[in-house]
Amino acid sequence: MHYYGNETIMSLEQVLRLKPSEVRILEWVRTYEFLENSYGIDESVPYFLDILCETEGVRIRKNRIVDFPEYVCEEEQRFADVEQALAVFHQWAEEILKKIEKD
């Protein structure tokens, strides 16, 4: 886990263990653009996610990396509370990890 400005950067695996209370405290979390393989070498991943607590609710985004550091937002959703947002955020992280395991 790393801190960059006011955002916290975590691995996809760490995000799966993230709790609603932690999101409220951290306010802005995103995943790394890399994933460590079984040999300890970082490999790029096609997506990164971010979750952000805002005044009017919680925003989550699934971003596809085009040509690092360039990316496009493929999906964005807003929720009234952290619990709902985090459930979808976890689902997206699991989907990305399964896709990476296949490839």
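Me: Hi! Is Phe 48 buried or exposed?
Reply: Phe 48 counts as buried, because its relative accessibility is 7%. Buried means under 20% relative accessible area, exposed means over 50%, and partly exposed is in between, using a 1.4 Å probe and protein chains only. Bear in mind that this is a predicted model, where local features need pLDDT of at least 70, side-chain atom pairs count only at pLDDT 80 or more, and totals for chains, interfaces and linings use all residues. Residues are numbered from 1 along each chain as its sequence is written, and side-chain values use heavy atoms, with hydrogens and water left out.

Me: Thanks. How many aromatic pairs are there?
Reply: The count comes to 1 aromatic pair. Phe 48 and Tyr 71 form an edge-to-face pair, 4.9 Å centre to centre with 75 degrees between the planes. The rule pairs rings of Phe, Tyr and Trp (its six-membered ring) if their centres lie within 6.5 Å; planes under 30 degrees apart count as stacked, over 60 as edge-to-face and the rest as tilted.

Me: And which parts does that pair tie together?
Reply: Phe 48 lies in strand S6 and Tyr 71 in strand S8 (residues 70-79), so the pair ties together parts that are 23 residues apart in sequence. Helices (H or I, at least four residues) and strands (E, at least two) are DSSP runs, numbered from the N terminus.

Me: Is Tyr 71 buried or partly exposed?
Reply: Tyr 71 counts as partly exposed, because its relative accessibility is 42%.

Me: Let's go to the core. Which residues of the largest nonpolar core touch the most other members?
Reply: Those are Leu 49, Ile 51, Ile 60 and Phe 89, out of 23 residues in this core. Helix H1 (12-16), strand S6 (47-54), strand S7 (57-67) and helix H3 (82-102) each supply at least two of its residues. The largest share, 9 residues, comes from H3. A nonpolar core here is a set of buried Ala, Val, Leu, Ile, Met, Phe, Trp, Tyr and Cys residues joined through side-chain atoms within 4.5 Å.

Me: What does Ile 51 touch?
Reply: Not counting residues up to four places away in sequence, Ile 51 touches Val 23, Glu 27, Trp 28, Val 29, Val 58, Arg 59, Ile 60, Ala 85, Leu 86 and Phe 89. Contact means heavy atoms within 4.5 Å.

Me: Where is Val 23, then?
Reply: Val 23 sits in helix H2 (residues 20-26). Val 23 is buried, because its relative accessible area is 0%. Setting aside neighbours within four places in sequence, Val 23 is in contact with Leu 18, Ile 51, Cys 53, Val 82 and Leu 86.

Me: Glu 22 is in helix H2 too, I see. How far apart are Glu 22 and Val 82 in space?
Reply: They are 9.9 Å apart, C-alpha to C-alpha, and 60 residues apart in sequence. Glu 22 counts as partly exposed, because its relative accessibility is 32%.

Me: New topic: what is the volume of the largest pocket?
Reply: The largest pocket has a volume of about 160 Å³. A pocket is found on a 1 Å grid over the protein atoms alone, as an open set of points where a 1.4 Å probe fits, with protein on both sides within 12 Å along at least five of seven lines; lining residues have an atom within 4 Å of a point. Grid points are joined across faces, edges and corners, and the volume is the space filled by probe spheres set on the points.

Me: Which residues lie nearest its centre?
Reply: Leu 35, Glu 43, Ser 44, Val 45 and Ile 100 do, among the 11 residues of the lining. Strand S4 (34-36), strand S5 (42-44) and H3 each supply at least two lining residues.

Me: And what does Ile 100 touch?
Reply: Ile 100, in helix H3, is in contact with Leu 12, Leu 35, Val 45 and Pro 46, leaving aside neighbours within four places in sequence. Ile 100 counts as partly exposed, because its relative accessibility is 25%.

Me: Last one, on the backbone. Which peptide bond is cis, with omega near 10 degrees?
Reply: The bond from Phe 68 to Pro 69 is cis, and Pro 69 lies in the loop between S7 and S8. For another backbone detail, Glu 27 has a phi near 75 degrees, a positive value in a residue other than glycine. Glu 27 lies in the loop between H2 and strand S3 (28-31).
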